[in-house]
Amino acid sequence: MENIKNNFTSKKSLGQNFLHAPQVISAMVHAGEIFKENTVLEIGPGKGALTEKLLLTRVNIIAIEKDDRAILFLKEKFNKEIKSGKLKLIHGDILEFDEKKLGKYILIANIPYYITGEFMRKFLETENQPERIVIMLQKEVAKRIIDKKESILSISVKAYGSPKYLVTVPKKFFRPMPNVDSAVLVIDNISKKFFIDSKIDEKSFFEILKAGFAHKRKVLIRNLEEKIPKKTLEMIWGREGISKNIRAENVTLEMWKRIVGESFLS
């Protein structure tokens with residue numbers, strides 16, 4: 001294994017930066033609220049530091065890794081756990097993985113930051129949502145998700161669950177050291193309750209949401225004219241008492257629910 005380890009350095013093309021911070025790994029495992037009967041889907045195990053900690057909880061782990069060098073390393077490092085069935089190692093791209101085949105699961109991920117948006121959509125919009133997500137993100141993205149100044153990403157996450165900023169992870173804790181600090185975000189209470197209770201179609205909601213953020217310099221009501229008739233918008237704004245100067249970034253999830261819901265009723 002030493003020879004494999006020596007040849008196993010980070011690949012820039014895969015967005016790899018390996019975490020070297022036992023306290024952060026412990027915090028991620030603890031935040032997962034993992035019990036023995038749980039299944040954990042781990043994304044991007046890399047050199048297996050988080051995998052090792054997860055195995056101590058005696059849960060069943062499905063780990064998905066894209067890097068063929070990491071697969072060789074992990075197969076040797078966790079040979080016993082793989083043989084016993086406690087760890088299932090899959091060589092593949094998480095964006096192509098079929099999560100619908102899983103039962104209930106908790107998702108713990110250390111992904112390349114450039115796939116954050118796609119990754120979130122995949123696991124939040126799916127019919128087989130994880131019970132909880134614990135994910136390492138770029139610090140500024142994690143802050144944007146929990147911020148009161150909204151974005152398409154923050155509203156999307158809040159529509160499906162309750163995001164919580166867990167801990168900042170300084171760039172010095174990674175090898176090689178990236179240009180930015182990271183953070184661990186926890187998304188709990190994941191469900192489609194928001195859409196079911198409000199009787200709003202998911203696809204329609206996101207089409208209107210994207211239209212609202214399409215032109216940042218325009219006020220929201222003008223952006224939405226591309227999707228909703230002007231008369232309908234003026235009626236909604238008047239009924240809901242919304243300022244005509246409000247921009248998309250200042251609109252809460254609850255207000256979006258009323259705008260989208262009213263647009264279908266009108």
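This is a predicted model: local features need pLDDT of at least 70, side-chain atom pairs count only at pLDDT 80 or more; totals for chains, interfaces and linings use all residues.
Trainee: What share of the contacts with a separation of 6 or more comes from residues 24 or more positions apart?
Mentor: Those pairs account for 67%.

Trainee: And how far apart are the mean positions of the positive and negative charges?
Mentor: They're 3 Å apart, for 48 positive and 34 negative charges.

Trainee: Now leucine 185. Why is leucine 185 called buried?
Mentor: The label needs under 20% relative accessible area. Leucine 185 has 0% relative accessibility, so it counts as buried.

Trainee: Where does leucine 185 lie, and what does it touch?
Mentor: Leucine 185 is in strand S9, residues 182-188. Leaving out residues up to four places away in sequence, its contacts include Met120, Ile133, Val134, Ile135, Pro163 and Tyr165. As for lysine 231, it is 46 residues away from leucine 185 in sequence and 41 Å away in space, C-alpha to C-alpha.

Trainee: Compare glutamate 262, then. Why is glutamate 262 called buried?
Mentor: Apply the cut-off of under 20% again. Glutamate 262 has a relative accessible area of 13%, so it is buried. You'll find glutamate 262 in helix H13, residues 253-265, touching Ile236, Arg239 and Glu240 once residues up to four places away in sequence are left out.

Trainee: Next, helix H2. Which of its residues are buried?
Mentor: In H2, residues 22-31, the buried ones are Val24, Ile25, Met28, Val29 and Ala31.

Trainee: How do you know that they sit on the same side of H2?
Mentor: Because they cover an arc of only 165° around the axis, they're on the same side of H2.

Trainee: On to the rings. How many aromatic pairs are there?
Mentor: The count comes to 9 aromatic pairs.

Trainee: What makes the pair of phenylalanine 195 and phenylalanine 205 edge-to-face?
Mentor: Centres have to lie within 6.5 Å to pair, and planes over 60 degrees apart count as edge-to-face. These two rings have centres 5.5 Å apart and planes at 80°, so the pair is edge-to-face. Phenylalanine 195 is in helix H9 and phenylalanine 205 in helix H10, so the pair ties together parts that are 10 residues apart in sequence. Both residues are buried.

Trainee: Why is the pair of phenylalanine 195 and phenylalanine 206 called tilted instead?
Mentor: Stacked takes planes under 30 degrees apart, edge-to-face takes over 60, and the rest are tilted. This pair has 50° between the planes, at 5.9 Å centre to centre, and is tilted. Phenylalanine 206 is in H10 and phenylalanine 195 in H9, so this pair ties together parts that are 11 residues apart in sequence. Phenylalanine 206 is buried as well.

Trainee: Which residues do ring pairs link into a cluster?
Mentor: Tyr160, Phe194, Phe195, Phe205 and Phe206.

Methods:
Residues are numbered from 1 along each chain as its sequence is written. Side-chain values use heavy atoms; hydrogens and water are left out. Contact means heavy atoms within 4.5 Å. Lys and Arg count as positive and Asp and Glu as negative; His and the chain ends are not counted. The place of a charge is taken as NZ of Lys, CZ of Arg, CG of Asp or CD of Glu. Helices (H or I, at least four residues) and strands (E, at least two) are DSSP runs, numbered from the N terminus. Buried means under 20% relative accessible area, exposed over 50%, partly exposed in between (1.4 Å probe, protein chains only). The arc is that of the directions from the helix axis to the C-beta atoms. Rings of Phe, Tyr and Trp (its six-membered ring) pair if their centres lie within 6.5 Å; planes under 30 degrees apart count as stacked, over 60 as edge-to-face and the rest as tilted.
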